[in-house]
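Work through these exercises with the structure open. Each task is followed by a solution in steps.

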Amino acid sequence: MNESKVKQVTGGLIWTYAERMTAQLITIIVTIVLARIIAPDEYGIISIVNVFINIANAFVINGFGNSLIQKKDSDELDFSTVFYFSIGFSTIVYLILFICAPFISKFYEMDALTLILRIMGVRLPIAAINSVQQAYISKCMAFKKFFFATLGGTLASAAVGITMAYNGFGIWALVAQYLTNVCIDTVVLSFTSGWRPKLIYSRTRMKGLFSYGWKIMFVGVMTTVYANIRNLVIGKKYNSADLAYSEKGEQFPNAIAGNINSSITKVLFPVLSDLQNDIEQLKRAVRRSIKVGTYVLFPIMFGFAVISEKFVSFFMTEKWIGCVPFLQIMCIVYALQPLQTSSLQAIKAIGKSSLYLWIDIIKKIVGIIILIVTVFCFDDVLIIVFGALVIELFSVIVLFPVNKKLFNYTYREQIMDIAPSMMLSIGMCLVTVAFDNMLQINGLLAILMDIVIGVGTYLIGSVITKNENFKYILGFMLRKRGK
(Lines give C-alpha, C1' and ligand atoms only; values in the text may rest on other atoms or scores of the structure.)
Protein backbone atom coordinates (compact mmCIF):
# COMPACT_ATOMS: atom_id res chain seq x y z
CA MET A 1 0.00 0.00 0.00
CA ASN A 2 2.88 2.36 0.72
CA GLU A 3 4.29 2.27 -2.78
CA SER A 4 0.88 2.36 -4.43
CA LYS A 5 -0.05 5.56 -2.63
CA VAL A 6 3.26 7.24 -3.42
CA LYS A 7 2.89 6.18 -7.08
CA GLN A 8 -0.65 7.53 -7.01
CA VAL A 9 0.70 10.89 -5.90
CA THR A 10 3.41 10.90 -8.59
CA GLY A 11 1.06 9.72 -11.32
CA GLY A 12 -1.51 12.31 -10.40
CA LEU A 13 1.14 15.02 -10.29
CA ILE A 14 2.46 14.13 -13.73
CA TRP A 15 -1.03 14.11 -15.26
CA THR A 16 -1.92 17.37 -13.58
CA TYR A 17 1.43 18.92 -14.51
CA ALA A 18 0.69 17.98 -18.14
CA GLU A 19 -2.71 19.63 -17.89
CA ARG A 20 -1.41 22.83 -16.31
CA MET A 21 1.73 23.11 -18.44
CA THR A 22 -0.24 22.65 -21.67
CA ALA A 23 -2.74 25.28 -20.59
CA GLN A 24 -0.04 27.68 -19.48
CA LEU A 25 1.98 27.28 -22.65
CA ILE A 26 -1.09 28.45 -24.55
CA THR A 27 -1.75 31.18 -21.97
CA ILE A 28 1.82 32.49 -22.22
CA ILE A 29 1.58 32.64 -26.01
CA VAL A 30 -1.73 34.53 -25.77
CA THR A 31 -0.33 36.87 -23.12
CA ILE A 32 2.63 37.70 -25.34
CA VAL A 33 0.35 38.41 -28.32
CA LEU A 34 -2.01 40.59 -26.28
CA ALA A 35 0.88 42.43 -24.59
CA ARG A 36 2.17 43.48 -28.02
CA ILE A 37 -1.26 44.92 -28.89
CA ILE A 38 -2.60 46.30 -25.61
CA ALA A 39 -0.86 49.15 -23.76
CA PRO A 40 0.55 48.78 -20.20
CA ASP A 41 -1.91 51.32 -18.75
CA GLU A 42 -4.89 49.23 -19.97
CA TYR A 43 -3.34 46.17 -18.39
CA GLY A 44 -3.02 48.21 -15.21
CA ILE A 45 -6.79 48.78 -15.13
CA ILE A 46 -7.46 45.05 -15.52
CA SER A 47 -4.91 44.35 -12.78
CA ILE A 48 -6.91 46.46 -10.31
CA VAL A 49 -10.16 44.77 -11.36
CA ASN A 50 -8.56 41.35 -10.95
CA VAL A 51 -7.63 42.17 -7.36
CA PHE A 52 -11.28 42.53 -6.35
CA ILE A 53 -12.45 39.62 -8.51
CA ASN A 54 -9.79 37.37 -6.98
CA ILE A 55 -10.79 38.35 -3.45
CA ALA A 56 -14.48 37.71 -4.17
CA ASN A 57 -13.56 34.44 -5.89
CA ALA A 58 -11.64 33.30 -2.81
CA PHE A 59 -14.88 33.27 -0.83
CA VAL A 60 -16.47 31.07 -3.49
CA ILE A 61 -13.88 28.43 -4.35
CA ASN A 62 -12.01 27.90 -1.07
CA GLY A 63 -13.12 25.72 1.80
CA PHE A 64 -16.23 23.76 0.91
CA GLY A 65 -14.71 21.78 -1.96
CA ASN A 66 -11.88 20.89 0.42
CA SER A 67 -14.46 19.75 2.96
CA LEU A 68 -15.89 17.27 0.46
CA ILE A 69 -12.43 15.87 -0.27
CA GLN A 70 -11.31 15.73 3.36
CA LYS A 71 -14.46 13.93 4.55
CA LYS A 72 -13.66 10.25 4.01
CA ASP A 73 -17.29 9.13 3.48
CA SER A 74 -18.69 12.12 1.55
CA ASP A 75 -21.64 10.99 -0.58
CA GLU A 76 -24.18 12.32 -3.09
CA LEU A 77 -26.06 14.21 -0.39
CA ASP A 78 -22.87 16.02 0.65
CA PHE A 79 -21.95 17.01 -2.91
CA SER A 80 -25.46 18.21 -3.80
CA THR A 81 -25.73 20.14 -0.54
CA VAL A 82 -22.45 21.97 -1.13
CA PHE A 83 -23.43 22.57 -4.76
CA TYR A 84 -26.62 24.46 -3.89
CA PHE A 85 -25.06 26.25 -0.94
CA SER A 86 -22.14 27.41 -3.13
CA ILE A 87 -24.43 28.80 -5.83
CA GLY A 88 -26.46 30.78 -3.27
CA PHE A 89 -23.40 32.00 -1.44
CA SER A 90 -21.59 33.03 -4.65
CA THR A 91 -24.65 34.98 -5.80
CA ILE A 92 -24.62 36.97 -2.55
CA VAL A 93 -20.90 37.68 -2.99
CA TYR A 94 -21.54 38.88 -6.55
CA LEU A 95 -24.33 41.22 -5.44
CA ILE A 96 -22.00 42.76 -2.85
CA LEU A 97 -19.35 43.28 -5.54
CA PHE A 98 -21.98 44.75 -7.88
CA ILE A 99 -23.05 47.31 -5.26
CA CYS A 100 -19.45 48.22 -4.29
CA ALA A 101 -18.22 48.66 -7.89
CA PRO A 102 -18.96 52.43 -8.16
CA PHE A 103 -17.17 53.12 -4.86
CA ILE A 104 -14.10 51.18 -5.99
CA SER A 105 -14.14 53.06 -9.29
CA LYS A 106 -14.29 56.40 -7.48
CA PHE A 107 -11.46 55.46 -5.08
CA TYR A 108 -9.12 54.69 -7.97
CA GLU A 109 -10.48 57.53 -10.10
CA MET A 110 -11.12 55.20 -13.04
CA ASP A 111 -14.67 55.40 -14.40
CA ALA A 112 -14.31 52.26 -16.50
CA LEU A 113 -13.86 50.08 -13.41
CA THR A 114 -17.57 49.99 -12.51
CA LEU A 115 -18.83 48.24 -15.64
CA ILE A 116 -15.78 45.98 -15.97
CA LEU A 117 -16.08 44.82 -12.36
CA ARG A 118 -19.77 44.04 -12.74
CA ILE A 119 -19.27 42.06 -15.94
CA MET A 120 -16.20 40.10 -14.79
CA GLY A 121 -17.97 39.32 -11.51
CA VAL A 122 -20.42 37.11 -13.41
CA ARG A 123 -17.77 34.42 -13.20
CA LEU A 124 -18.40 33.93 -9.45
CA PRO A 125 -21.48 31.66 -9.62
CA ILE A 126 -19.88 29.77 -12.50
CA ALA A 127 -16.71 29.27 -10.45
CA ALA A 128 -18.84 27.96 -7.57
CA ILE A 129 -20.22 25.21 -9.82
CA ASN A 130 -16.73 24.48 -11.11
CA SER A 131 -15.31 24.10 -7.59
CA VAL A 132 -17.75 21.28 -6.74
CA GLN A 133 -17.00 19.55 -10.05
CA GLN A 134 -13.29 19.74 -9.30
CA ALA A 135 -13.83 18.39 -5.79
CA TYR A 136 -15.69 15.37 -7.20
CA ILE A 137 -12.98 14.62 -9.77
CA SER A 138 -10.23 15.06 -7.18
CA LYS A 139 -12.07 12.76 -4.76
CA CYS A 140 -12.22 10.11 -7.49
CA MET A 141 -8.55 10.76 -8.41
CA ALA A 142 -9.63 11.07 -12.07
CA PHE A 143 -7.15 13.83 -12.92
CA LYS A 144 -7.07 13.05 -16.65
CA LYS A 145 -10.52 14.66 -16.93
CA PHE A 146 -9.10 18.04 -15.96
CA PHE A 147 -6.87 17.98 -19.03
CA PHE A 148 -9.64 18.27 -21.62
CA ALA A 149 -11.69 20.81 -19.67
CA THR A 150 -8.68 23.06 -19.10
CA LEU A 151 -7.47 22.70 -22.68
CA GLY A 152 -10.91 23.52 -24.09
CA GLY A 153 -11.30 26.61 -21.91
CA THR A 154 -7.80 27.86 -22.62
CA LEU A 155 -8.02 27.43 -26.40
CA ALA A 156 -11.47 29.01 -26.64
CA SER A 157 -10.53 31.99 -24.46
CA ALA A 158 -7.30 32.43 -26.43
CA ALA A 159 -9.20 32.60 -29.71
CA VAL A 160 -11.72 35.08 -28.30
CA GLY A 161 -9.08 37.32 -26.67
CA ILE A 162 -6.76 37.53 -29.68
CA THR A 163 -9.58 38.04 -32.17
CA MET A 164 -11.10 40.88 -30.16
CA ALA A 165 -7.71 42.52 -29.52
CA TYR A 166 -6.84 42.53 -33.23
CA ASN A 167 -10.23 44.05 -33.96
CA GLY A 168 -9.59 46.98 -31.64
CA PHE A 169 -11.63 46.05 -28.57
CA GLY A 170 -8.69 46.86 -26.29
CA ILE A 171 -9.39 46.18 -22.63
CA TRP A 172 -12.62 44.31 -23.44
CA ALA A 173 -10.57 41.62 -25.16
CA LEU A 174 -9.05 40.81 -21.77
CA VAL A 175 -12.49 40.76 -20.14
CA ALA A 176 -13.90 38.38 -22.75
CA GLN A 177 -10.87 36.09 -22.53
CA TYR A 178 -11.22 35.88 -18.76
CA LEU A 179 -14.92 34.96 -18.81
CA THR A 180 -14.71 32.52 -21.72
CA ASN A 181 -12.09 30.41 -19.95
CA VAL A 182 -14.13 29.59 -16.85
CA CYS A 183 -17.37 29.11 -18.82
CA ILE A 184 -15.93 26.54 -21.25
CA ASP A 185 -14.04 24.78 -18.44
CA THR A 186 -17.25 24.37 -16.44
CA VAL A 187 -19.32 23.21 -19.42
CA VAL A 188 -16.76 20.56 -20.39
CA LEU A 189 -16.54 19.26 -16.82
CA SER A 190 -20.32 19.00 -16.65
CA PHE A 191 -20.11 16.42 -19.44
CA THR A 192 -16.90 14.61 -18.46
CA SER A 193 -16.98 14.53 -14.65
CA GLY A 194 -19.77 11.95 -14.47
CA TRP A 195 -21.48 13.89 -11.66
CA ARG A 196 -24.78 15.74 -11.64
CA PRO A 197 -26.40 17.44 -8.64
CA LYS A 198 -29.60 15.91 -7.31
CA LEU A 199 -32.53 17.80 -5.82
CA ILE A 200 -31.47 17.02 -2.26
CA TYR A 201 -30.14 19.23 0.53
CA SER A 202 -29.23 18.70 4.18
CA ARG A 203 -28.74 21.53 6.64
CA THR A 204 -27.16 19.06 9.07
CA ARG A 205 -24.59 17.92 6.51
CA MET A 206 -23.86 21.50 5.51
CA LYS A 207 -23.30 22.45 9.13
CA GLY A 208 -20.73 19.68 9.53
CA LEU A 209 -18.95 20.54 6.29
CA PHE A 210 -19.04 24.25 7.13
CA SER A 211 -17.33 23.68 10.50
CA TYR A 212 -14.26 22.41 8.66
CA GLY A 213 -14.55 24.43 5.47
CA TRP A 214 -14.97 27.94 6.87
CA LYS A 215 -11.45 27.89 8.27
CA ILE A 216 -10.00 26.81 4.94
CA MET A 217 -12.14 29.44 3.22
CA PHE A 218 -10.91 32.11 5.63
CA VAL A 219 -7.30 31.13 4.96
CA GLY A 220 -7.98 31.27 1.23
CA VAL A 221 -9.53 34.72 1.52
CA MET A 222 -6.68 35.99 3.69
CA THR A 223 -4.14 34.54 1.29
CA THR A 224 -5.85 36.16 -1.71
CA VAL A 225 -6.25 39.54 0.02
CA TYR A 226 -2.66 39.40 1.14
CA ALA A 227 -1.42 38.33 -2.32
CA ASN A 228 -3.30 41.20 -3.95
CA ILE A 229 -2.90 43.97 -1.38
CA ARG A 230 0.48 44.85 -2.83
CA ASN A 231 -1.20 45.57 -6.18
CA LEU A 232 -3.88 47.63 -4.42
CA VAL A 233 -1.17 49.78 -2.83
CA ILE A 234 0.87 50.14 -6.03
CA GLY A 235 -2.26 50.97 -8.04
CA LYS A 236 -3.21 53.76 -5.63
CA LYS A 237 0.24 55.12 -4.70
CA TYR A 238 1.78 54.95 -8.17
CA ASN A 239 0.30 54.87 -11.69
CA SER A 240 -1.38 52.13 -13.73
CA ALA A 241 1.78 51.56 -15.82
CA ASP A 242 3.84 50.82 -12.66
CA LEU A 243 1.14 48.40 -11.59
CA ALA A 244 1.17 46.81 -15.04
CA TYR A 245 4.94 46.23 -14.85
CA SER A 246 4.63 44.72 -11.37
CA GLU A 247 1.66 42.57 -12.32
CA LYS A 248 3.19 41.42 -15.59
CA GLY A 249 6.42 40.60 -13.79
CA GLU A 250 4.41 38.27 -11.57
CA GLN A 251 2.16 36.89 -14.29
CA PHE A 252 4.71 34.75 -16.10
CA PRO A 253 6.25 33.09 -12.99
CA ASN A 254 2.73 32.56 -11.68
CA ALA A 255 1.62 31.05 -14.99
CA ILE A 256 4.32 28.42 -14.63
CA ALA A 257 4.97 27.91 -10.93
CA GLY A 258 1.58 28.93 -9.62
CA ASN A 259 -0.14 26.28 -11.67
CA ILE A 260 2.40 23.60 -10.83
CA ASN A 261 1.80 24.55 -7.23
CA SER A 262 -1.97 24.25 -7.67
CA SER A 263 -1.38 20.86 -9.30
CA ILE A 264 0.39 19.70 -6.15
CA THR A 265 -2.56 20.93 -4.09
CA LYS A 266 -5.13 19.27 -6.34
CA VAL A 267 -3.39 15.87 -6.35
CA LEU A 268 -1.85 15.72 -2.89
CA PHE A 269 -4.79 16.71 -0.70
CA PRO A 270 -7.16 13.82 -1.59
CA VAL A 271 -4.35 11.28 -1.34
CA LEU A 272 -3.11 12.59 2.00
CA SER A 273 -6.67 12.72 3.31
CA ASP A 274 -6.89 9.00 2.60
CA LEU A 275 -3.63 8.48 4.51
CA GLN A 276 -4.54 10.73 7.44
CA ASN A 277 -4.41 7.86 9.96
CA ASP A 278 -0.97 6.64 8.88
CA ILE A 279 1.60 9.37 9.61
CA GLU A 280 4.54 7.41 8.23
CA GLN A 281 2.91 6.93 4.82
CA LEU A 282 1.75 10.52 4.84
CA LYS A 283 5.29 11.73 5.50
CA ARG A 284 6.65 9.63 2.62
CA ALA A 285 4.09 11.08 0.24
CA VAL A 286 4.87 14.64 1.36
CA ARG A 287 8.60 14.12 0.94
CA ARG A 288 8.18 12.67 -2.53
CA SER A 289 5.97 15.60 -3.52
CA ILE A 290 8.54 18.14 -2.28
CA LYS A 291 11.41 16.35 -4.00
CA VAL A 292 9.65 16.03 -7.35
CA GLY A 293 8.15 19.53 -7.15
CA THR A 294 11.46 21.28 -6.45
CA TYR A 295 13.36 19.13 -8.96
CA VAL A 296 10.97 20.25 -11.70
CA LEU A 297 10.31 23.82 -10.59
CA PHE A 298 13.70 25.14 -9.42
CA PRO A 299 15.44 24.90 -12.82
CA ILE A 300 12.43 26.35 -14.65
CA MET A 301 12.18 29.38 -12.36
CA PHE A 302 15.91 30.02 -11.98
CA GLY A 303 16.41 29.60 -15.71
CA PHE A 304 13.53 31.93 -16.54
CA ALA A 305 15.06 34.59 -14.29
CA VAL A 306 18.31 34.33 -16.30
CA ILE A 307 16.66 34.75 -19.71
CA SER A 308 13.98 37.23 -18.57
CA GLU A 309 15.46 40.35 -20.18
CA LYS A 310 15.90 38.66 -23.55
CA PHE A 311 12.45 37.11 -23.28
CA VAL A 312 10.66 40.38 -22.57
CA SER A 313 12.62 42.39 -25.12
CA PHE A 314 12.05 39.92 -27.95
CA PHE A 315 8.49 38.71 -27.33
CA MET A 316 6.79 41.69 -25.64
CA THR A 317 8.83 44.55 -27.16
CA GLU A 318 10.82 47.20 -25.36
CA LYS A 319 7.71 48.92 -23.97
CA TRP A 320 7.53 46.14 -21.34
CA ILE A 321 11.25 46.08 -20.40
CA GLY A 322 10.37 47.76 -17.09
CA CYS A 323 8.83 44.53 -15.82
CA VAL A 324 12.11 42.54 -15.95
CA PRO A 325 13.36 43.22 -12.37
CA PHE A 326 9.92 42.34 -11.01
CA LEU A 327 9.89 39.14 -13.05
CA GLN A 328 13.29 38.05 -11.72
CA ILE A 329 12.26 38.56 -8.09
CA MET A 330 8.96 36.74 -8.54
CA CYS A 331 10.70 33.76 -10.18
CA ILE A 332 12.49 33.10 -6.89
CA VAL A 333 9.31 33.72 -4.87
CA TYR A 334 7.30 31.16 -6.83
CA ALA A 335 10.14 28.64 -6.86
CA LEU A 336 9.81 28.40 -3.06
CA GLN A 337 6.07 27.78 -2.96
CA PRO A 338 6.00 23.96 -3.30
CA LEU A 339 7.95 23.76 -0.04
CA GLN A 340 4.95 25.24 1.72
CA THR A 341 2.20 23.65 -0.34
CA SER A 342 3.03 20.01 0.38
CA SER A 343 3.31 20.59 4.13
CA LEU A 344 0.11 22.63 4.30
CA GLN A 345 -1.85 19.96 2.42
CA ALA A 346 -0.68 17.38 4.95
CA ILE A 347 -1.78 19.61 7.84
CA LYS A 348 -5.22 20.00 6.26
CA ALA A 349 -5.46 16.29 5.47
CA ILE A 350 -5.08 15.21 9.11
CA GLY A 351 -7.90 17.57 10.07
CA LYS A 352 -5.74 20.27 11.69
CA SER A 353 -7.63 23.13 10.05
CA SER A 354 -7.27 25.29 13.19
CA LEU A 355 -3.48 24.91 13.09
CA TYR A 356 -3.58 25.59 9.34
CA LEU A 357 -5.48 28.79 10.08
CA TRP A 358 -3.11 30.00 12.82
CA ILE A 359 -0.02 29.32 10.73
CA ASP A 360 -1.51 31.42 7.97
CA ILE A 361 -2.46 34.22 10.36
CA ILE A 362 1.12 34.41 11.67
CA LYS A 363 2.54 34.51 8.14
CA LYS A 364 0.10 37.20 7.06
CA ILE A 365 0.81 39.40 10.11
CA VAL A 366 4.54 39.29 9.37
CA GLY A 367 3.81 39.90 5.70
CA ILE A 368 1.70 42.97 6.40
CA ILE A 369 4.43 44.38 8.66
CA ILE A 370 7.01 43.93 5.91
CA LEU A 371 4.67 45.50 3.36
CA ILE A 372 4.07 48.53 5.60
CA VAL A 373 7.81 48.98 6.13
CA THR A 374 8.59 48.78 2.40
CA VAL A 375 5.76 51.17 1.47
CA PHE A 376 6.45 53.88 4.06
CA CYS A 377 10.23 53.64 4.36
CA PHE A 378 11.07 53.29 0.66
CA ASP A 379 9.48 55.17 -2.22
CA ASP A 380 10.28 52.42 -4.71
CA VAL A 381 7.92 49.88 -6.33
CA LEU A 382 10.79 47.40 -6.74
CA ILE A 383 11.53 47.42 -2.98
CA ILE A 384 7.86 46.71 -2.28
CA VAL A 385 7.98 43.68 -4.58
CA PHE A 386 11.30 42.54 -3.06
CA GLY A 387 9.48 42.41 0.27
CA ALA A 388 7.44 39.53 -1.21
CA LEU A 389 10.63 37.45 -1.39
CA VAL A 390 11.47 38.15 2.25
CA ILE A 391 7.95 37.09 3.23
CA GLU A 392 8.19 33.88 1.20
CA LEU A 393 11.44 32.91 2.92
CA PHE A 394 9.85 33.47 6.32
CA SER A 395 6.80 31.39 5.30
CA VAL A 396 9.03 28.45 4.39
CA ILE A 397 11.08 28.63 7.59
CA VAL A 398 8.05 28.84 9.90
CA LEU A 399 6.85 25.42 8.67
CA PHE A 400 10.08 23.60 9.52
CA PRO A 401 9.29 23.03 13.24
CA VAL A 402 5.64 22.22 12.44
CA ASN A 403 6.71 19.46 10.03
CA LYS A 404 9.09 18.05 12.62
CA LYS A 405 6.47 17.94 15.36
CA LEU A 406 3.52 16.60 13.37
CA PHE A 407 5.21 14.21 10.94
CA ASN A 408 8.67 13.63 12.46
CA TYR A 409 10.04 15.29 9.32
CA THR A 410 13.43 16.35 10.68
CA TYR A 411 15.21 19.59 9.83
CA ARG A 412 18.01 17.68 8.15
CA GLU A 413 15.54 15.73 5.99
CA GLN A 414 13.74 18.91 4.97
CA ILE A 415 16.98 20.62 3.92
CA MET A 416 18.44 17.58 2.17
CA ASP A 417 15.24 17.00 0.19
CA ILE A 418 15.62 20.36 -1.57
CA ALA A 419 19.40 20.93 -1.55
CA PRO A 420 20.31 18.76 -4.60
CA SER A 421 17.78 20.48 -6.86
CA MET A 422 18.83 23.90 -5.56
CA MET A 423 22.53 23.25 -6.24
CA LEU A 424 21.88 21.78 -9.70
CA SER A 425 19.73 24.80 -10.63
CA ILE A 426 22.33 27.32 -9.46
CA GLY A 427 25.03 25.44 -11.37
CA MET A 428 22.83 25.42 -14.47
CA CYS A 429 22.39 29.21 -14.26
CA LEU A 430 26.13 29.83 -13.88
CA VAL A 431 26.93 27.70 -16.92
CA THR A 432 24.22 29.43 -18.98
CA VAL A 433 25.45 32.92 -18.06
CA ALA A 434 29.05 31.89 -18.87
CA PHE A 435 28.03 30.68 -22.34
CA ASP A 436 26.02 33.90 -22.81
CA ASN A 437 29.11 36.00 -22.20
CA MET A 438 31.15 33.91 -24.66
CA LEU A 439 28.60 33.67 -27.49
CA GLN A 440 27.36 37.29 -27.45
CA ILE A 441 24.24 36.63 -29.55
CA ASN A 442 20.80 38.22 -29.35
CA GLY A 443 17.18 37.63 -30.25
CA LEU A 444 15.31 34.34 -30.48
CA LEU A 445 18.47 32.37 -31.18
CA ALA A 446 19.99 33.55 -27.89
CA ILE A 447 16.87 32.47 -25.96
CA LEU A 448 16.83 29.04 -27.62
CA MET A 449 20.54 28.56 -26.99
CA ASP A 450 20.10 29.47 -23.31
CA ILE A 451 17.28 26.93 -22.97
CA VAL A 452 19.26 24.16 -24.68
CA ILE A 453 22.37 24.86 -22.60
CA GLY A 454 20.34 25.10 -19.39
CA VAL A 455 18.36 21.90 -19.93
CA GLY A 456 21.44 20.02 -21.05
CA THR A 457 23.47 21.19 -18.07
CA TYR A 458 20.70 20.26 -15.62
CA LEU A 459 20.24 16.77 -17.06
CA ILE A 460 23.96 16.08 -17.29
CA GLY A 461 24.37 17.28 -13.71
CA SER A 462 21.54 14.98 -12.63
CA VAL A 463 23.24 11.99 -14.23
CA ILE A 464 26.69 12.82 -12.85
CA THR A 465 25.39 13.32 -9.31
CA LYS A 466 23.07 10.28 -9.60
CA ASN A 467 20.16 12.48 -8.59
CA GLU A 468 17.40 10.47 -6.92
CA ASN A 469 14.60 12.56 -8.38
CA PHE A 470 15.90 12.19 -11.93
CA LYS A 471 16.00 8.42 -11.50
CA TYR A 472 12.55 8.34 -9.97
CA ILE A 473 10.87 10.42 -12.69
CA LEU A 474 12.69 8.57 -15.47
CA GLY A 475 11.73 5.21 -13.95
CA PHE A 476 8.11 6.28 -13.61
CA MET A 477 7.95 7.41 -17.25
CA LEU A 478 9.54 4.18 -18.49
CA ARG A 479 7.08 2.08 -16.49
CA LYS A 480 4.17 4.06 -17.93
CA ARG A 481 5.54 3.64 -21.45
CA GLY A 482 5.95 -0.07 -20.86
CA LYS A 483 2.29 -0.38 -19.95
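**Exercise 1. A loop residue**

Where is the place of Asn-408?

Solution. Asn-408 sits in the loop between helix H15 (381–407) and helix H16 (411–439). Helices here are DSSP runs of H or I with at least four residues, strands are E runs of at least two, and both are numbered from the N terminus. Now take the backbone: Asn-408 is not a glycine, yet its phi is positive, about 55°. For background, most residues other than glycine have a negative phi.

Before going on, note the ground rules. This is a predicted model, in which local features need pLDDT of at least 70, side-chain atom pairs count only at pLDDT 80 or more, and totals for chains, interfaces and linings use all residues. Residues are numbered from 1 along each chain as its sequence is written, and side-chain values use heavy atoms, with hydrogens and water left out.

**Exercise 2. The chain as a whole**

Count the secondary structure elements of the chain, then describe its burial, contacts and surface.

Solution. Step one: the chain has 18 helices and 0 strands. Step two: 55% of its 483 residues count as buried. Buried means under 20% relative accessible area, exposed means over 50%, and partly exposed lies in between (1.4 Å probe, protein chains only). Step three: consider contacts with a separation of 6 or more; residues 24 or more positions apart account for 85% of them. A contact means heavy atoms within 4.5 Å. Step four: the chain exposes about 20,800 Å², and carbon and sulfur atoms supply 68% of that area. Accessible areas come from the Shrake-Rupley method with a 1.4 Å probe, and for residues only the protein chains shown count as cover.

**Exercise 3. H11 against H17**

At roughly what angle do the axes of helix H11 and helix H17 cross?

Solution. H11 covers residues 279–316 and H17 covers residues 443–464. Their axes cross at roughly 165° and come within 9 Å. That angle makes H11 roughly antiparallel to H17. The cut-offs: under 35 degrees is roughly parallel, over 145 roughly antiparallel, 65 to 115 roughly perpendicular, and the rest oblique. Axes are lines fitted to C-alpha atoms, for helices over the stretch in contact, and angles run from 0 to 180 degrees between N-to-C directions.

Next, the residues. From H11, those in contact include Tyr-295, Pro-299 and Phe-311; from H17, they include Leu-444, Ile-447 and Tyr-458. By class, this contact has 11 nonpolar, 2 polar and 2 charged residues. Ala, Val, Leu, Ile, Met, Phe, Trp, Tyr, Cys and Pro count as nonpolar, Asp, Glu, Lys and Arg as charged, and the others, Gly among them, as polar.

Finally, look at the loop between H11 and helix H12 (324–335), where Thr-317 is placed. Thr-317 is not a glycine but has a positive phi of about 75°. Thr-317 is partly exposed, at 25% relative accessible area.

**Exercise 4. The partners of H9**

Is H9 roughly parallel or antiparallel to H14, and which is it for H9 and H15?

Solution. Start with H9 (residues 203–237) and H14 (residues 353–377): the axes come within 9 Å and cross at roughly 10°. H9 is therefore roughly parallel to H14. Their contact divides into 15 nonpolar, 4 polar and 5 charged residues.

Zoom in on Leu-357, which lies in H14. Leu-357 is buried, at 9% relative accessible area. The C-alpha atoms of Leu-357 and Lys-215 are 6.3 Å apart, although 142 residues separate them along the chain. Not counting residues up to four places away in sequence, Leu-357 touches Trp-214, Lys-215, Phe-218, Val-219 and Met-222.

Now H15. The axes of H9 and H15 come within 11 Å and cross at roughly 170°. These two helices are therefore roughly antiparallel. Tyr-226, Arg-230 and Ile-234 in H9 meet Val-381, Ile-384, Val-385, Ala-388 and Ile-391 in H15. The classes are 7 nonpolar, no polar and 1 charged.
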